[in-house]
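Subject: Structure handover

Hello,

Please find the structure below, with notes on what turned up in it.

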Amino acid sequence: MTRAGAAEARTTLDGAAGFDAVLDTALLKEAALRPVRDQGAYVGVFPGLEPASERGITVTSGVVAPDGALPREMLALTAQGILEPRRTGTVPLDETAYAYRALRAGGHRGRWVLTC
């Protein structure tokens, strides 16, 4: 298995072209597939929501399982105001269906916050 170091990794697709592989954690789907070279690889983290394969690109997905300690540490840092959570939007509970449809459609970074 070949591993990419920090110099080879990118966190945005802006101006990207010709990547060997893309890890799509934001449900960008087809938009994340565009910069992958022919016969490259696309890996998503939402099983069942992968885009259709094209240009010989291998499309797959997996599930990420946290180790338990790290999420607790990140939650504590967020509560202290050190980490800022990434939010897509905030909606009242009676608009939960809207937030759910938007989440399933993909293409957003962050999460929806539901308020009372």
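**Cavities, pocket, salt bridges and surface**

Sorted by class, the residues lining the largest cavity are five nonpolar, four polar and one charged. Please keep in mind throughout that this is a predicted model.

That cavity holds about 50 Å³ of space. Its lining consists of Ala-26, Leu-27, Phe-46, Ala-102, Leu-103, Gly-106, Gly-107, His-108, Gly-110 and Arg-111.

How many cavities of 30 Å³ or more does the structure hold? There are two. The second largest cavity has about 40 Å³ of space. Around it are Asp-24, Leu-27, Tyr-42, Gly-44, Val-45, Phe-46, Leu-49 and Glu-50. By class, this lining divides into five nonpolar, one polar and two charged residues.

Next, the second largest pocket. About 540 Å³ of space lies in this pocket. It is lined by 15 residues, and those closest to its centre are Thr-25, Met-74, Arg-86, Gly-110 and Arg-111. Seven residues of the pocket lining are nonpolar, four are polar and four are charged.

Now the salt bridges. Side chains of opposite charge can pair when their charged atoms come close. A search of the whole structure gives four salt bridges, and three of them are described here, beginning with the pair formed by Arg-55 and Asp-38. In that pair the closest N and O atoms are 3.0 Å apart. The two residues are 17 apart in the chain and link distant parts of it: Asp-38 belongs to strand E2 (36-44), while Arg-55 is in the loop between strand E2 and strand E3 (58-61).

Is Arg-55 buried, exposed or partly exposed? Arg-55 counts as partly exposed because its relative accessibility is 34%, which falls between the limits of 20% and 50%. Asp-38 is likewise partly exposed, because its relative accessible area is 44%.

Arg-55 has a further partner, Glu-54, with 3.5 Å between the closest N and O atoms. Glu-54 has a relative accessible area of 36% and is therefore partly exposed.

Another salt bridge joins the side chains of Glu-84 and Arg-87, at 3.6 Å from N to O. As for Glu-84, its relative accessible area is 64%, so Glu-84 is exposed. Arg-87, with a relative accessible area of 47%, is partly exposed.

Last, the surface. Leu-70, Met-74, Ile-82 and Leu-83 make up a nonpolar patch there, and together they have about 360 Å² of accessible area. Leu-70 sits in helix H2, which covers residues 69-79. With 44% relative accessibility, Leu-70 counts as partly exposed.

Regards

Notes:
Residues numbered from 1 in each chain as written. Predicted model: local features only at pLDDT ≥ 70, side-chain atom pairs only at ≥ 80, totals over all residues. Heavy atoms only, no water. Patch = residues over 30% accessible without salt bridge, like charges linked within 9 Å, V, L, I, M, F, W, Y side chains within 5 Å. Areas by Shrake-Rupley, 256 points an atom, 1.4 Å probe, with all protein chains shown as cover. Helix = DSSP H or I, 4+ residues; strand = E, 2+ residues; numbered from the N terminus. Buried < 20%, exposed > 50% of the residue type's maximum accessible area, 1.4 Å probe, protein only. 1 Å grid on protein atoms, 1.4 Å probe; cavity = no way out; pocket = protein on both sides within 12 Å on 5 of 7 lines; lining within 4 Å. Points joined across faces, edges and corners; volume = space filled by probe spheres on them. Nonpolar A, V, L, I, M, F, W, Y, C, P; charged D, E, K, R; others polar.
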